Amino acid sequence: MAFLEVDGVSKTFGGVAANVDISFTVERGQILGLIGPNGAGKTSLFNAIAGEVRPDRGQIRLEGKRISGLGPVACSRAGVARTFQVVRSFDSMSVLENVMVGAFARTSSPAEAMGRAMSVLEFCGLAARADAAAHQLTPPEKRRLEIARALATEPKLLLLDEMLTGLTPTEAAAGVALVRAVRERAITVVMVEHVMEVVLPLVDRAVVLNLGRVLMTGSPAEVVRHPDVIRAYLGDRYAAPA
Amino acid sequence: MLTADALAQALISGLLMGLIYALVAAGLSLIFGLMDIVNFAHGELLMLAMYAAVVLFGATHLDPLLQLPIVAGLLFLLGMGVYRGVIARALGVRFNRGMVQIFATFGLAIFIRGAAQFVWGGDFRSVSGTWLANRSVDLGGIFVPLPQLAASLVCLLAFAGLLLINRTEFGRALEATREDRDAVALIGIDRDRIFALGWGLGAGTVGIAGVMLITFYYVSPNVGANFAIIAYVTVALGGFGSVLGALAAGIVIGEVEALTALFLEPSLKQVGMFAVYLLVLMVRPRGLFGTL
Amino acid sequence: MNAIQRRRRLELIGGVVVLLALALLPLPIRDVYTQNLIIITILFAGLSQAWNILGGYCGQISLGHALYLGVGAYVSTMLYVHGGVPPTVGMFAGGAVAGLGALLVGWPCFRLSGHYYAIATVVVGEIGYLLFLNWDWVGAATGIYVPFRGESLIALQFRTSKLPFHYAALIFAAVTWVIAFVIEGRAWGYAWRAVRDDVVAARSLGVRVFPSKMAAAAISGFLTGVGGAIYAQYVGYIDPDSILAGSLSILIALPAVLGGVGTLWGPLVGAAVLIPVSELTRSYLGGSGQGVDLMIYGGMIVLVALARPAGLVSLFGAGARA
């Protein structure tokens, strides 16, 4: 039994098949990259794992227990945390308060929640901004806040939605370091990305989606060399003979 | 004793009143469908239209039927003014958008109510001595008062007008903005202008309803609140955003009200429509033709 | 100690100071009109704080909250008139029934978003009004006179002086403030504000939206009901027009909106501005003043909504809490 099992997941939205028979597994403590060109079905699959969307067919299991189709709240309680591609911060609250909302998922004591939130903020490098209003953060800081908030729920599985897209090289490097640090804490990470050069050096394994199906799974080195993958991203002209 | 005549009378008057409810609701639904905002001042706009007709009649003795274009025009301009002065600002708010949108129009409603009370006092006014007043038509034993009949015919015509507008370029622009208000700028539609015109149209329809209503109904500063509730119930039944839904629902609500008054008692006439509202809430929140 | 803890300590100190000031305030005042004004202001500050728990913190704008005020008043008064139950006990029964009512209303309505919910509360409020207006057992349109059975603390009846009512209202307002203060610092308070700001994000963090809204409704309804019972004892007479009408719903909600929706001090500041304005315009301008009070509140609310949605408290730099 693998840590996370995606088993034959299919989902259609109004006639468009977003996901077709997707299956793969993730081992505990791995960083998995979910990649593919735009429209490949990454977001739909991501939302299925996060509980926002119920698959039409198939199942998703965490540590053997089904988490698909249960809704985001149940998923969160099962140990899944996620970030949002377009940052969703609680704008009427401070950075610390935002993270405390996450912390309250595991404790009902305000003192404990505050303590845990502070330590998560330190971990994410936002401790200095703890009392700033959430809406005043810079975009990279807002992404860190998303991660901090998700981490405060003490998840077993962290889902990152295009966390590294649109960052400067320095910011991206810092982001990569943060993801590695998260893995150090024995949290499994599944990241959706479509910027290959940032994500492939970071992940242990990659699942490539194209047109709703799994194109291939493998190590980053295998993925980057595979002609089908190259064809999917860049078109036939760049596919070198196998 | 419930006679067939009494029943028929109730059904007819329910239909006539229902058409007015339908037109009032249509204006509300139109604005909602366009920009996802409930105009909590809708009832007060109706009230202003009614007062305008009273004032105009008092000054010029112009028959309400002839006042229609004037009052409708005034309300149209008022609607656009409300949009530009209040709503446009409310749309741009970042925090607490829900609360802001509710209270921007709710506060306006209270303000207008207060202004009406200040200007015209609390007593009831209506328009009497028009050419249709106190006349009725006898349809096989049932008395149909002419003012109500004329009012419902005008409302039907107004609905026909709304449907015709749908076929014009403006109507298509309205439809496009309703479908995807973020994308319309890409096809050259000035969203702000459409919103303003939409508000004008919504207020204009209420203007028409108000002028016709005053020929057989009284106006007072609180009358807006009463009609607003009926409008909410009607729009909830018909579906938020659907003008056709408003027509169907208005007639239903009018009938339900008339029948409830007949079978229970007049002071309880609203019970029926409230029961309908609760039913819709539980069973089909998006109403008959709405898309929630 | 971080900023949150510092702020809360300051708020608590502020609360104690305001409480003491208000406790001492009526002592030098002899004129009955002013005493009455202060009592009504404090009472509505408390009622608005109760509303704020559901409307401000939780974001479910209720425009028909007078229903709970009325239910609390009627239950408590009926128990007193028919059962001899003293209002100091009866108010809790009133609050409980009102809280239950709020749960019943919330159950189907909380899945409605923003304005749909607001509309539902208007209609439900109107249903309540119609119900009591036609219910003979509770006096229908005539209402109920609260019988004066002698001065009594337990029965909350005082003829010789208004002072005890002042303290009753003050205790009520203080309790609502304390409840809001405590919850603001605990998990519920955070959950409510998260749900209000972004319900999708809140869910992704495991916040159970529906139960938390129901909790807010129950607390808000209960407190409003208790306030209603006190109001009934103070005014000595209740009828649907004075206690269930839409105008009362407005008077309960508007102070919080003016002062700062979802803030601790908002309802107090708002009540301190709105209630005196209402009373004063009505008495000083008399007949021609009719409507001026409505114009003033309506105008203030529109201005707040458009120019300063965070409310008057934000003028005092009470943070970016919107």
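1. A quick word on terms before we start: the domain bounds used here come from an automatic or database domain assignment. With that in mind, the centres of domain 1 and domain 2 of chain A, taken over C-alpha atoms, are 25 Å apart. Please remember as you read that this is a predicted model.

2. Where do the two domains of chain A run? Domain 1 covers 4-79 + 155-238, and domain 2 covers 91-154. Where they meet, 9 residues of domain 1 of chain A and 10 residues of domain 2 of chain A take part in the contact. On the domain 1 side, helix α6 (residues 169-184) of chain A supplies the largest share, 4 residues. That side of domain 1 of chain A is made up of 7 nonpolar, 1 polar and 1 charged residues.

3. Now to the largest nonpolar core, which has 291 residues. Among those with the most contacts inside it are B:I20, B:A49, C:V123 and C:I301. Helix α1 (residues 4-35) of chain B is its biggest contributor, with 17 residues. Domain 1 and domain 2 of chain A both give residues to this core, so it lies between them.

4. B:A49 is worth a look on your screen. Leaving out residues up to four places away in sequence, B:A49 touches B:V71, B:L75, B:V206, B:G207, B:G210 and B:V211.

5. Finally, chain C. Its secondary structure amounts to 13 helices and 2 strands, and 57% of its 322 residues count as buried. Of the contacts in chain C between residues at least 6 apart in sequence, 75% join residues at least 24 apart.

Conventions:
Residues numbered from 1 in each chain as written. Chains lettered and ligands numbered in written order. Predicted model: local features only at pLDDT ≥ 70, side-chain atom pairs only at ≥ 80, totals over all residues. Core = buried A, V, L, I, M, F, W, Y, C linked by C-beta atoms within 7 Å. Buried ≥ 20, exposed ≤ 12 C-beta atoms within 10 Å, placed from the backbone. Contact = placed C-beta atoms within 7 Å. Nonpolar A, V, L, I, M, F, W, Y, C, P; charged D, E, K, R; others polar.
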